[in-house]
Amino acid sequence: MDTQNSEHISMLFPEDSDSTPQTQQPAPTQPSSEALSSSFTSPLGLPLGEETASKRIEQGILASLMLAMDVDPDSYAGLLPDHFAYYSHRLIYSAILGAIKERGSATPAGVEQRLRGGASLQTAGGEDYLYEIIEKEAVATTTISEASEYIQRHDKLRQIARVADSAIQAAKGSEGDLA
């Protein structure tokens, strides 16, 4: 365990720290949310702050695609559903792509209908989540092409992290063989 994570754990759980007990210990201080978000990772393997940013960017491109009357296919060229970190966003993006292919654009109601027809509306977060995404992005914070590039880049980073983690686990497993 690295020193930074060790320090945060000892702040959260002082009884587990390696220091010798004192007769009067000061009250443990709570680490700042910034410190926690930079040192602990999410279930996706991203630092917590980055997971939130990834989620917002993904929601942003989904909303932009559903709200746009005319979308340049080059602005999201190469972006595949599997590039999204969140499974619900993969489902929504697949529905958007289907609607664009069929009608030339994707409306929120059309995406909802496609998800409902594929029995995946609830898995995608439900009707409320779909409209929540749109409400959050009423004013776009990034362009479709910028969001597409970000999502693809972070998908590659997640893939690299998975491979590195697998290599580390394999190396740990072979340590016993080396002894």
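How closely do the axes of α4 and α6 come, and at what angle do they cross? They come within 12 Å and cross at roughly 80°. Axes here are lines fitted to C-alpha atoms, for helices over the stretch in contact, with angles from 0 to 180 degrees between N-to-C directions. The two helices are therefore roughly perpendicular to each other, a label for angles of 65 to 115 degrees (under 35 is roughly parallel, over 145 roughly antiparallel, the rest oblique). On the α4 side, the contact is made by Ser88, His89 and Ile92. On the α6 side, Tyr129, Leu130 and Ile133 take part. Contact means heavy atoms within 4.5 Å. By class, this contact has four nonpolar, two polar and no charged residues. Nonpolar covers Ala, Val, Leu, Ile, Met, Phe, Trp, Tyr, Cys and Pro; charged covers Asp, Glu, Lys and Arg; the others, Gly among them, are polar.

The model is predicted: local features need pLDDT of at least 70, side-chain atom pairs count only at pLDDT 80 or more, and totals for chains, interfaces and linings use all residues. Residues are numbered from 1 along each chain as its sequence is written, and side-chain values use heavy atoms, with hydrogens and water left out.

Now the whole chain. The protein chain has seven helices and zero strands. Helices (H or I, at least four residues) and strands (E, at least two) are DSSP runs, numbered from the N terminus. Of the 179 residues, 34% count as buried. Buried means under 20% relative accessible area, exposed over 50%, and partly exposed in between (1.4 Å probe, protein chains only). The chain exposes about 11,300 Å². Carbon and sulfur atoms supply 53% of that area. The areas come from the Shrake-Rupley method with a 1.4 Å probe; for residues, only the protein chains shown count as cover. Among contacts with a separation of 6 or more, 62% join residues 24 or more positions apart.

Return to helix α4, residues 87–103. Ile96 is found in this helix. Ile96 counts as buried because its relative accessibility is 0%. Not counting residues up to four places away in sequence, Ile96 touches Leu62, Leu65, Met66, Ala106 and Val111. Leu62 is 34 residues away along the chain, yet the C-alpha atoms of Ile96 and Leu62 are separated by 7.9 Å.

Next, the loop between α3 (48–67) and α4, where Asp82 is found. Is Asp82 buried or exposed? Asp82 counts as exposed because its relative accessibility is 56%. Leaving aside neighbours within four places, Asp82 is in contact with Arg90 and Asp155. Asp82 and Ser94 are twelve residues apart in sequence and 9.5 Å apart in space, C-alpha to C-alpha.

Aromatic rings come next. A search of the whole structure finds one aromatic pair. Phe84 and Tyr93 form this pair, 4.9 Å centre to centre with 40° between the planes, which is tilted. Rings of Phe, Tyr and Trp (its six-membered ring) pair if their centres lie within 6.5 Å; planes under 30 degrees apart are stacked, over 60 edge-to-face, and the rest tilted. Both Phe84 and Tyr93 are buried.

Last, the loop between α5 (108–117) and α6 (126–136), where Ser120 is found. Ser120 is buried, with a relative accessible area of 15%. Leaving aside neighbours within four places in sequence, Ser120 is in contact with Leu91 and Leu115. Ala119 lies in the loop between α5 and α6 too. Ala119 counts as exposed, at 69% relative accessibility. Ala119 has a positive phi of about 55°, although it is not a glycine.
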